[in-house]
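This briefing sets out selected features of the structure shown below. The points are grouped by topic for reading alongside the model.

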Amino acid sequence: MTLSAVELWRGEIELVTPFRTSFGTEVSRELLYVHAVGDSHSGWGECVAMVDPNYSSEYLDNCVQVISRFLVPLLHGDTSADDFIFRAAPIRGNYMSKACVEAALLDLRLREQSVSLAKFLGATKTRVASGVSVGIQNSLDDLVRVVGEYLALGYLRVKLKIEPGSDIELVKTIRREFGDDLLLQVDANAAYTVADAEHLKELDDFNLLLIEQPLPEDDLVGHIKLAKIINTPVCLDESITSIETARGALDLEACSIINIKPGRVGGYLEAKKIHDLCLSRGVPVWCGGMLETGIGRAANLALAALPGFTLPGDISASARYFARDITTPFVLVNGHIVVPNTVGIGIEPLPEMLVNFRKVETFEVVSN
Ligand code: SMG
Ligand code: MG
């Protein structure tokens, strides 16, 4: 087992279509990868933070700082992913930075052992049902057209981004156009307050799978109150940053479904713990997305192949995001995406894509 250097790579890939949420519009994906280099193998991890601290308090430039100053110094030649997470525990927050380093280390270590991430995590599926997250559109006509295009491609579930002033009408329109059988859910990205509870209750008429993160991430009490008022199941995204927050939210009935994003909870090891907890309690989970390229998508597919992931996730095909992905593209086959099953995350950046990226840091790692 060796780890001799850690490289940080940055770049940017334009999105095929702007993605608007209640907190802003993304037109391209700025990227940060950790490359863990060993003697005979190497591993890649993708940081899911965005350029601006709007989804959560983390943002890419800060992740570069945190990884460089605080996380890389914890690594030695023989450090395992478990060791790393243990040593990183005194560093508060910074989940996305930790998750990215952990992912690269896991990929390296599993390649050294010739084991796939899917097998390591306990995957039971060879393909994963794929949903699509649809941004806020300029008009209802545009929304109907965009949803229709995704359904024609075979996506098995639709998530509509909502915000105050752009919510009930969207859901009513999509239900009317595409019928009651469509698996449909909404995501507010924390745009409401508990004072909106009676308004959000109007969503109860549309048989939604769930409403995701209606209130601010730290308003657990608000979610508890809201969940008592509305019948649509409340699912938490931004609020869940660890197994402890997951357990607390479930115990207090702030939510009945959890969106698991490894980047948001500090890595795949923590994500698996949350999955295991939810599986033991019969709480459905699904894998969220952060507009990842193929590196992050591959690892998310491995996680989403675990048995508790009973709802389709936000893991869409590469073409939903990018004209050219950094890896060979992930494609939709009958509404599913195949889980990589070779070694590690099972994929790596294409050299012809990497030439457009910049290696911004190289750190030598001491042997032990
Ligand atoms: O990767 O398909 C994807 C995006 C899914 O909607 C998505 N993500 O809150 O769940 C969420 C958002 C966070 C990213 S918005 C830029
Ligand atoms: Mg969300």
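Strands, in the sense used here, are DSSP runs of at least two residues, numbered from the N terminus, and two strands pair if DSSP finds at least two bridges between them. In this predicted model, a hairpin of four residues links strand E2 to strand E3.

- Strand E1 covers residues 5-21, and its pairing with E2 is antiparallel, with 13 bridges.
- Two residues lie between E1 and E2, which together form a hairpin.
- Within this pairing, Leu8 is found opposite Val34 of E2.
- Strand E2 comprises residues 24-37 and is mostly covered, since 10 of its 14 residues are buried, with buried defined as under 20% relative accessible area.
- E2 also runs antiparallel to strand E3 (residues 42-46), to which five bridges join it.
- Here His35 faces Trp44, which belongs to E3.

**The parallel sheet**

- An open sheet is built from seven strands with parallel pairing, and their order is E5-E6-E7-E8-E9-E10-E11.
- At its edges are strand E5 (131-134) and strand E11 (285-287), each of which pairs on one side only.
- Helix H10, residues 268-281, packs on the sheet and touches both strand E10 (257-260) and E11.
- The direction of H10 makes about 160 degrees with that of E10.
- Within the sheet, strand E8 (residues 211-212) and strand E9 (residues 234-236) run parallel and are joined by two bridges.
- Glu212 has Cys235, in E9, as its bridge partner.

**Helix H6 and its cover**

- Helix H6 spans residues 168-178, and its buried residues include Ile168, Leu170, Val171, Thr173, Ile174 and Arg175.

**Leu110 in helix H3**

- Leu110 is located in helix H3, which consists of residues 95-112.
- Leu110 counts as buried because its relative accessible area is 2%, and the cut-off for that class is under 20%.
- Leaving aside residues up to four places away in sequence, Leu110 touches Val115, Ser116, Leu117, Phe120 and Gly344.
- Ser42 is 68 residues from Leu110 in sequence, and their C-alpha atoms are 9.9 Å apart in space.

**Ligand 1 and its surroundings**

- There are 20 residues around ligand 1, of which Ser133, Lys159, Asn189, Leu291 and Tyr321 come nearest.
- Ser133 has a polar side-chain atom 2.7 Å from an oxygen atom of ligand 1.
- For Lys159, the distance from a polar side-chain atom to an oxygen atom of ligand 1 is 3.0 Å.
- A polar side-chain atom of Tyr321 is placed 2.6 Å from an oxygen atom of ligand 1.
- Ligand 1 exposes 440 Å² when taken alone, and the protein buries 100% of that area.

Definitions and conventions: Residues numbered from 1 in each chain as written. Chains lettered and ligands numbered in written order. Predicted model: local features only at pLDDT ≥ 70, side-chain atom pairs only at ≥ 80, totals over all residues. Heavy atoms only, no water. Contact = heavy atoms within 4.5 Å. Axes fitted to C-alpha atoms, helices over the stretch in contact; angles between N-to-C directions. Buried < 20%, exposed > 50% of the residue type's maximum accessible area, 1.4 Å probe, protein only. Near = heavy atom within 4 Å. Polar contact = N/O pair within 3.5 Å; in protein donor to acceptor, adjacent residues only side chain to side chain. Areas by Shrake-Rupley, 256 points an atom, 1.4 Å probe, with all protein chains shown as cover.
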